[in-house]
Number of protein chains: 2
Amino acid sequence: MNIQQLITQNHLELLFQQGTFGIEKESQRIDEKGKIVTTPHPKVFGNRSYHPYIQTDFAESQLELITPPQQSVKDAYRWLSAIHEVVLRSLPENEYLSPFSMPLALPPESEIKVAQLDNVEDVAYREHLVESYGKYKQMISGIHYNFQLADDLIEKLFQLQKTYQDPIAFRNDLYLKLGRNFLRYQWLLVYLFAASPSVENAFFRKGQQIPQQFVRSLRSSHYGYVNHAEIKVSYENLQQYVETLEHWVRSGKLIAEKEFYSNIRFRGAKKQVRELLEKGIRYLEFRLFDLNPFAQYGIELEDAEFIHYFVLLMLWLEKTADQGDVEKGREMLAEVALEHPLSITAYQQEGLALFDQFEQMLAQLNAPESVKQTVQQKRQQLLSPEMTLCGRLVQSMQQPTDYHQLGLTLAKQNKAAATARYYALTAFDNMELSTQALMFDLIQQGIKTEILDENDQFLCLQVGDHIEYVKNGNMTSKDSYISPLIMENKVVTKKVLAKAGFNVPQSLEFRNVEDAVRAYPLFEHRAVVIKPKSTNFGLGITIFKQGVENREDFRQAVEIAFREDKEVMIEDYLVGTEYRFFVLGDDTLAVLLREPANVIGDGQHTVAELVAAKNEHPLRGDGSRTPLKKIALGDIEKLQLKEQGLTVDSVPEKGRKVQLRANSNISTGGDSIDMTDLMHPSYKALAVGITKAMGAAVCGVDLIVPDYTKPAEPKLSSWGVIEANFNPMMMMHIFPYQGKSRRVTKNVIKMLFPELF
Amino acid sequence: MNIQQLITQNHLELLFQQGTFGIEKESQRIDEKGKIVTTPHPKVFGNRSYHPYIQTDFAESQLELITPPQQSVKDAYRWLSAIHEVVLRSLPENEYLSPFSMPLALPPESEIKVAQLDNVEDVAYREHLVESYGKYKQMISGIHYNFQLADDLIEKLFQLQKTYQDPIAFRNDLYLKLGRNFLRYQWLLVYLFAASPSVENAFFRKGQQIPQQFVRSLRSSHYGYVNHAEIKVSYENLQQYVETLEHWVRSGKLIAEKEFYSNIRFRGAKKQVRELLEKGIRYLEFRLFDLNPFAQYGIELEDAEFIHYFVLLMLWLEKTADQGDVEKGREMLAEVALEHPLSITAYQQEGLALFDQFEQMLAQLNAPESVKQTVQQKRQQLLSPEMTLCGRLVQSMQQPTDYHQLGLTLAKQNKAAATARYYALTAFDNMELSTQALMFDLIQQGIKTEILDENDQFLCLQVGDHIEYVKNGNMTSKDSYISPLIMENKVVTKKVLAKAGFNVPQSLEFRNVEDAVRAYPLFEHRAVVIKPKSTNFGLGITIFKQGVENREDFRQAVEIAFREDKEVMIEDYLVGTEYRFFVLGDDTLAVLLREPANVIGDGQHTVAELVAAKNEHPLRGDGSRTPLKKIALGDIEKLQLKEQGLTVDSVPEKGRKVQLRANSNISTGGDSIDMTDLMHPSYKALAVGITKAMGAAVCGVDLIVPDYTKPAEPKLSSWGVIEANFNPMMMMHIFPYQGKSRRVTKNVIKMLFPELF
């Protein structure tokens, strides 16, 4: 079987480049001095017994970040980014993630705790490792790269070939070929991506010879995480692989199959290797990657793409490595690992030859240009070792001890970068902020999340067999369908709320002045607002706050309104302030006051300067990517200033509040002020009742309240409901301009998965 | 207090004309010979213990149709129409509603059953009436007209006047004035609206003098439904009214308060008159109206409007009748009732004087022109008795016995008219047919229904304290909100269904030919359809039913598709026929096959003639007012004919099916064929599963099934799901072109109110 021919003759190039990808990245939590911490795994990361994204590896301090399997490297990388942002923002203030595979600074061995997992066997296994290798060696971190070929590809290749009768045997041999070739040529990846040139001396065991110079990869060398030399496992075929591995476990040389530290692992549906014989190899795990300290998430996207094609090359090659080649490859790896990072590698010629084949493959596959360019750059690195990752790394250190300071600087930089836009998940920034906030909480809490439709903000969440769908952050199965339909229709909303006994302002619409004036008696003595149906910047609006008492005044107000529109609306006027109540289930979780865009004078700066200063607030931005919006200085704002006798160049006196807008929308630069703890509980109870009357689980209720300190009374002058909103905005409660943050997205999760709380 | 002044000086004219209205109409069920039936109250009308719309009066045969209170006469009248249509379509084939107040033909007295109500006291009361009056007298039917002044009006008048301190006393005296004046002038209404000139002789009691000529109103005369002459009740004030009435009950002359047959009743919140002293009079019931045999629903809308203004006039009059006037009015009524319908009434002059005041009032109120015209016509009838209702009636009869034949003819006409558009509720024809069908069932079943928004098809249903909202006939609280959101998004729908293990055709979209051709291996050997993303009359579509086997054919199909659109979709092609499964809860209630518009040749008629004949079907119409649509003969149909080598003038051979459309939509003249009983149950179970996977309560699932007789197998060649629709159309199942009707609206009601079933 010639794979190259099968692929090119049958036009399988595209399918060959498809696959499923996952990245696992270990990192030590370190303190502000770079020392591995001895604090427990943060509680905020939920339960490690099921957490799909945030686990601990050997030590309690050693975070393992796991992306869900994705259909592209890019998507896996987005998840890696998101999980990092969640972790870095959730760590205590004085904790960071070490950017290096090798520890920066070690605490006394006795203070290192193995991961405190629920499963007793998992803990026992770790205790055994301590016995065999000591705790320090277990402090090493790296990246594991999971890859699965497209099922369709394997199926088509199977149909096209004639050697195999059994599709599982065929699939196994594909992966075995890939695996053996990988082990043969893995030295090249270490040459390119190694980044563990040094470590503090305390790491080395007593009596051990300490390297006297920088090396390429301590981690991949015999100083690193390797089995005793006698542990040899056969890759000739799957049967021998399983049997030799089981042999070492039976003999007690390995305590478990997973103690076999190969740079490649064959993965099936279950953990035991024997199961592979029945169901076959499903995917491969590559384990030899050092953390890239210059990459924010331990690996660069283009390198992850490169690795994908390198792995494909291992299948593409005409030659299939045998067991001897595998052994040879391992020796070459050990050798390259200990070369000086700035030296030409001993295997440069083999590497260049392999790159020739690599480039031929890319040409034949019609691979993306970006990949071809990356491969050219990597080829160049064979000639210029100072351009390799480790070459660049050692050049940025004057002496081995600079390693510590560099690591600390990078760790702090990475944390700062991940926290800068703390209200967003950078990798999912094309989605709404509220969905980003929800995803943040889901990742933190460890709830399996699948993005069903990114543009449509559609998520599928799963805990065990329990599946929930969420759209736009809070549209879920918990609301009944009729609720949003009621809320969409203002007439029906009013009728439903009035029927349920809530204070609702009544309104009537008119199409001519005479009809409205005939209806005057209906409004006499009532506080009403008379307005054009489509209001434009408040033109044509008259408010009778004290009640309309005079027919002629009424007529005049109606005529003014009709100048602006063909339809005029006369509505009960509610005196008071509008508050947004965010209700979920039986609770009002947040109350917010929205104030129109404004600045406060200081007697020194102009309005324009005050606006510019206020716009510096980190939550303010343009467009939809920030929770608050910058105040504009357009026509509407200037008109508003004019009404107050001001221009943008006026210098308002100290303490004077200058309004820049009449409307209080956050989207036009308004301020959001949390009032949850100040609002009298009677209004919060009303908002819950209104939500229930709508049949809704989540609702944004807008109430007018004249005095939030006094208890609500059953009359329109005490309070009135203006609107009920399904899919209410959450960001303004989570990131208010003033006051306490209300993390309502967490309550959405609690509502959907009560079994977790 | 001068009401006229208060109203005109304070501009209360509009408020004065507002109010709440209700109509109750009794009718005897009669057989095809006109005889009152002895069959029980039809079971289909549900339970009389709570039915708000369809009750029985004295006898089991005597239907009482009750409109809910409405804010306008017109709306009350619409309900009267709707309830009539429900009743007439629900009666057994050989039963009708008598159009006359007086019985057409009487069965032996022993065969007449009093209404078989659940409440023992209600039955006992009826048995007592039999004792006192005999059963025949209780066979008389009429219309009761309920009216309540606007609360706002009474409140404003109370504030404006200075005589009363107590608002309830004020309200009572308003209604008492209105009531006394009404009793004083009621003779005029009898003159205008009486319609019981005759009855069969069997009606009269033995020894009773039988009128020898037509009279205006037997029903309002002493032959009718009146108390013994000694029963006199005082209307001087509410206290006396209550006490005198209670006196007659205590003395045993009346068995209950309700045996007092006044033409006006004061109504409170409860049935006992004593309660009026505490809570006051809430509304008035006027009871003197004979059924108008020429009106489809026993009363004409313009007459109902006239009565409203006549009642207002009774309040408007400066003079307030006293008890003496009340007695006088009753005597005048008795006299007018027995006048010959074609004679000038004895009280013509008083009547004309009253009309003068009537017209002045209308002018001062600025009442609608239509009302002014009606009032002018009625005034004319005082001069021309042959124009009164009873005048017209007796003119259409040669002799008293023609009464029987006329009644029978009108009864049959009315039933035919109410049944003509049996798929609609005429009065609510501006709403969707499915909402009309649901309202039909709600009225029939006796579920309180309020229309919250007519344009938006929004209903509020209530049984006891249990409230449900329904939009568009089947959007309810039973669906979860996420369901329609999933179904709205085709990508998400496919993912959710695939995840749940259902057969879903996969599809990919492409933006250029090369990308699509590169993806060829993904489609090889699969049955696919290649089509422009926005399809236009099937242009650019290629289907590979047997699987695509050739790369060049594939490329060609892709190129053809790209000629029509910038985006091309390649989708698994499902071989088979599309069926619509209507699922509600755990059941597939209906399965429908939709066939594209077609005619079957007969070897004699042209295509155009065949289409014209098919379009005669009663369910076919234009626009949205019929369940099926007429087949058009436009460009698309002609193109379709051309492809079959035909024109509209061709005469297709006998049995040849001629397609007029490629698409199977009902909206373009397609046929709907019920397949519920033929479809293999395995597909119905799948449709239920798909609905559940969507979290929906009601769902229209479109499945492709090649052979509906064979059980479903778990592969795409056995079946596939094309689409899941929330708010699925119901009319096509209720009124299919062929096959059995599936009344799915009834199941919606069962789902919402399981406690009733």
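Rings of Phe, Tyr and Trp (its six-membered ring) pair if their centres lie within 6.5 Å; planes under 30 degrees apart count as stacked, over 60 as edge-to-face and the rest as tilted. By that rule, ring pairs link A:Tyr145, A:Phe182, A:Phe193, A:Phe286, A:Phe289, A:Phe306, A:Phe310, A:Phe355 and A:Phe358 into a cluster. This is a predicted model, in which local features need pLDDT of at least 70 and side-chain atom pairs count only at pLDDT 80 or more, while totals for chains, interfaces and linings use all residues. Residues are numbered from 1 along each chain as its sequence is written, chains are lettered from A and ligands numbered from 1 in the order in which they are written, and side-chain values use heavy atoms, with hydrogens and water left out.

**Aromatic rings**

- The structure holds 66 aromatic pairs over all chains.
- One of them joins B:Phe306 and B:Phe310: the ring centres are 6.4 Å apart and the planes stand at 25 degrees, so this pair is stacked.
- Both residues belong to helix α9 (residues 301-316) of chain B, where being four residues apart separates them by about one helical turn. Helices (H or I, at least four residues) and strands (E, at least two) are DSSP runs, numbered from the N terminus.
- B:Phe306 is buried, at 1% relative accessibility. B:Phe310 is buried too, at 0%. Buried means under 20% relative accessible area, exposed over 50%, and partly exposed in between (1.4 Å probe, protein chains only).

**Charges over rings**

- The charged end of A:Lys258 sits over the ring of A:Tyr125, 4.4 Å from its centre. The rule asks for NZ of Lys or CZ of Arg within 6 Å of the ring centre and within 35 degrees of the ring normal.
- In chain B, B:Arg620 lies over the face of B:Tyr737, with 4.6 Å to the ring centre.

**Where chain A meets chain B**

- On chain A, 48 residues are in contact with 48 residues of chain B. Contact means heavy atoms within 4.5 Å.
- About 4,000 Å² is buried between the two chains, and carbon and sulfur atoms give 62% of that area. Buried area is the accessible area (1.4 Å probe) that two parts lose on being put together, summed over both.
- The rule finds two salt bridges across this interface. A salt bridge is a side-chain nitrogen of Lys or Arg within 4 Å of a carboxyl oxygen of Asp or Glu.
- A:Glu450 and B:Lys499 meet in a salt bridge through their side chains (2.4 Å, N to O).
- The largest share of the side of chain A that touches chain B comes from α17(A), with five residues.

**Around A:Arg265**

- A:Arg265 lies in strand β6 (residues 264-267) of chain A. Its relative accessible area is 12%, so A:Arg265 is buried.
- Leaving aside neighbours within four places in sequence, A:Arg265 is in contact with A:Lys258, A:Phe260, A:Tyr283, A:Leu284, A:Glu285 and A:Arg287.
- A polar atom of the A:Arg265 side chain lies 3.2 Å from the backbone oxygen of A:Phe260.
- In strand β6 of chain A there is also A:Arg267, while A:Glu285 lies in strand β7 (residues 283-289).
- A:Arg267 and A:Glu285 are both buried.

**Other salt bridges**

- Over all chains, a search finds 89 salt bridges.
- A:Glu514 and A:Arg555 meet through their side chains in a salt bridge (3.1 Å, N to O). The pair links helix α18 (residues 513-518) with helix α20 (residues 551-562) of chain A, 41 residues apart.
- A:Glu514 is partly exposed at 43% relative accessibility, and A:Arg555 is partly exposed at 21%.
- B:Glu60 forms a salt bridge with B:Arg48, the closest N and O atoms being 3.0 Å apart. B:Glu60 is buried, with a relative accessible area of 5%. B:Arg48 is buried as well, at 16%.
- Shared partners join A:Glu514, A:Glu552, A:Arg555 and A:Glu559 into one salt-bridge network.

Conventions: A polar contact is a pair of N or O atoms within 3.5 Å; within protein, one must be able to donate a hydrogen and the other to accept it, and residues adjacent in sequence count only if both atoms are side-chain atoms.
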